[in-house]
Amino acid sequence: MKSIALLVYAAPICLAMKVAVTGTTGRLGREAVQILSSKGIQTRCLLRHPIDASVSPSIEKDASSSEVASYLANLPHVTMVEGDATDPTSCRLLVEGCDAVLALHGPARPPPLQSLFRLLPETDPKHSRSVNYLAVKNLIDAARECDCKRIVRVTGKGEAPTQVFTVLINMLGHMAKAWNYEGEQLLRTSGVDYTIVRPGVMGRDDVPTGGRVLALADNGRDLPVTAVTHSQIAGLCVDCLDYPNTSRSTLTAMNVASGTGEDSYAPLLAGVKSDTRSFPTTLLSEHKKAAQIGAAVLVAFAAVILTGFAAMTKAIGGLVVGLLS
Ligand SMILES: NC(=O)c1ccc[n+]([C@@H]2O[C@H](COP(=O)([O-])OP(=O)(O)OC[C@H]3O[C@@H](n4cnc5c(N)ncnc54)[C@H](OP(=O)(O)O)[C@@H]3O)[C@@H](O)[C@H]2O)c1
């Protein structure tokens, strides 16, 4: 049965596609654009800032957004559209005439105190609600209007609001996990053929090596969190376009111990099934509650440390004064 599935889905149907990409200057998006370009696929990139002719193109790890943009703009089959995913008109301009969207954008990490004390309103374009939720809504609306059938969106694990890592990201990142999940929910009810990819931690050095490390779980099932590379996940997003059976699916993508996974995503993608379980619908309030409790604990902890430090400083000061007098 598996070999039949492989035969059916091995043909690279996405070669004929025109693909729109958001988050193209990001670490994930730039990898995806390079893969699409190298495959000869017409690629349209959303870019937040105009190309600066005085900037030297660069794709080095520490390159700035404008250096990366200049580099990508010079790749074959790549065109740029200036705009912001939080703006519906930009999304329409991006998606028009495209067969698929890779939604790889994500919010910049805010100053921790700004998020902890909720100093940025949810309506601000930089807030995670705008970037992880409203921008996804804009892309769905644009896809519907432009008859674009397919959206691949990268989010992350986020169905356990009280998990420590999730609480921390929500507390310090304007509820990024919560809004990513709400964006997923929009896709699941959109009627558009979506694939949601929930990757492990990208950009860490401890990625399992040694071969046969790739693993996927469909139906939003859980896998233990591990390090994955941006290029693995970018490749996975592009590969999804070749597998119609991945539409309406939620995939968790992790690496596993060497020899226990696969060397390529092809056999894993061939076996993917559409979502069948019901995903929870009340997570936003649970995420917010968990983050509020987390913030209260953090502030109380900081107050205890500061009070202890002040008492210790006072005691040492008294001791020094006593010794000197
Ligand atoms: N890093 C991880 O471990 C991890 C794990 C799971 C999931 N994810 C998710 O994966 C996605 C991409 O990750 P990454 O590491 O590539 O992030 P990144 O390097 O921070 O890139 C973010 C990209 O999103 C763009 N962007 C931000 N706001 C935008 C807006 N309003 N409109 C259009 N584009 C916008 C940025 O553009 P500028 O260059 O103009 O700022 C940049 O190109 C994010 O959604 C993230 O939440 C990441």
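Trainee: Which backbone atoms lie by an oxygen atom of the ligand, say at H105?

Mentor: A polar contact is a pair of N or O atoms within 3.5 Å. Keep in mind that this model is predicted. At H105, a backbone N or O atom is 2.9 Å from a ligand oxygen. For M202 the distance from such a backbone atom to an oxygen of the ligand is 2.7 Å, and a polar backbone atom of G26 sits 2.8 Å from a ligand oxygen.

Trainee: How much of the ligand's area does the protein bury?

Mentor: On its own the ligand exposes 920 Å², and 82% of that is buried by the protein.

Trainee: Which residues come nearest to the ligand?

Mentor: There are 24 residues around the ligand, and T25, R48, S65, D84 and T155 come nearest. Sort the shell by type and you get 8 nonpolar, 13 polar and 3 charged residues.

Trainee: Now the strands. Which way do the residues of β4 point?

Mentor: Buried means under 20% relative accessible area. In β4 (residues 100-103), A100 and L102 point one way, V101 and A103 point the other, and all are buried.

Trainee: What does β4 pair with?

Mentor: β4 pairs with β1 (residues 18-22) in the parallel sense, over 4 bridges. It also pairs with β5 (residues 150-154), again parallel and over 4 bridges. Follow L102 across: V21 stands opposite L102, and in β5 the bridge partner of L102 is V152.

Conventions:
Residues are numbered from 1 along each chain as its sequence is written. This is a predicted model: local features need pLDDT of at least 70, side-chain atom pairs count only at pLDDT 80 or more; totals for chains, interfaces and linings use all residues. Side-chain values use heavy atoms; hydrogens and water are left out. A residue is near a molecule or strand if one of its heavy atoms lies within 4 Å of it. A polar contact is a pair of N or O atoms within 3.5 Å; within protein, one must be able to donate a hydrogen and the other to accept it, and residues adjacent in sequence count only if both atoms are side-chain atoms. Accessible areas come from the Shrake-Rupley method with a 1.4 Å probe; for residues, only the protein chains shown count as cover. Ala, Val, Leu, Ile, Met, Phe, Trp, Tyr, Cys and Pro count as nonpolar, Asp, Glu, Lys and Arg as charged, and the others, Gly among them, as polar. Buried means under 20% relative accessible area, exposed over 50%, partly exposed in between (1.4 Å probe, protein chains only). Helices (H or I, at least four residues) and strands (E, at least two) are DSSP runs, numbered from the N terminus. Two strands pair if DSSP finds at least two bridges between them.
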